[in-house]
Amino acid sequence: MVVNKKTFILKKLIIPLLLAIYLLSTSSSCKKTPVTEFNKEFPNTTGTWWKYKVYDSINSQLDTITITIVGSAKLSNGETATIWQIKSLFNIVDTNYVYSGNNIVIDYHYKDASTLLKKYIFPLNIGSNWVNLNYADTSKVTLKNAINVIAGNFTESYLIKRDYKSFPGYNVFKEDEFFVPNVGVVKKSIFVITLGTLINQNWELVSYLKRQ
């Protein structure tokens, strides 16, 4: 079969041209698609601190609690966590360890990774829910709205409701927490019933400093 010289040259030009157009179009589409960065909304940098006014209606006690990120440490599972130092006017200094991963934040009581206290799953959206300690301990995002606290007015906050009951109902833990992206928890209420213990606290953010 005789191939026309012009047709042959045209095919040699068109095929690379089509390939180049395809590569450019796919490259362009990739550039237009933003890469999701999780946990930018969860402050977890050394030097960041929050000060809360905490009222316990059971004991009629008004406390001031300051939480400061003072450094980092290795957990028992090998992950790196930040050290959250918790100071109260009436209680001894406590320490938690906070791990921030791809789309999850986990709060531990000790360096032992089995001492999980709570979780956050990001990004936060109304209807999002997750399991904390076990399937009887769940958190759910139920509301998104503006909120006004002593520390300021915030146009966007998420209400995270946590509910835990152990059989046959002797231990009850309820927490309503308002979380503001890039700031943290600005307001929450905690209600706890355990054997010999009753807690009913209201927390409100008074001031804070976020380190980059």
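Let me begin with phenylalanine 154, which is buried at a relative accessible area of 12%; buried means under 20% relative accessible area, exposed over 50% and partly exposed in between, with a 1.4 Å probe and protein chains only. The model is predicted: local features need pLDDT of at least 70, side-chain atom pairs count only at pLDDT 80 or more, and totals for chains, interfaces and linings use all residues. Residues are numbered from 1 along each chain as its sequence is written, and side-chain values use heavy atoms, with hydrogens and water left out.

I turn to the aromatic pairs. The search of the whole structure gives 10 of them. Rings of Phe, Tyr and Trp (its six-membered ring) pair if their centres lie within 6.5 Å; planes under 30 degrees apart count as stacked, over 60 as edge-to-face and the rest as tilted.

How are the rings of tyrosine 52 and tryptophan 203 arranged? Their centres are 5.4 Å apart and their planes stand at 65°, so the pair is edge-to-face. Tyrosine 52 is buried at 5% relative accessibility, and tryptophan 203 is buried with a relative accessible area of 11%.

Phenylalanine 154 pairs with tyrosine 208: the ring centres are 6.4 Å apart and the planes at 50°, so this pair is tilted. Tyrosine 208, at 31% relative accessibility, counts as partly exposed.

Tryptophan 203 also has lysine 188 over its face, 4.3 Å from the ring centre. The criterion is NZ of Lys or CZ of Arg within 6 Å of the ring centre and within 35 degrees of the ring normal.

Finally, ring pairs join Phe42, Trp50, Trp84, Tyr120, Phe122 and Phe179 into a cluster.
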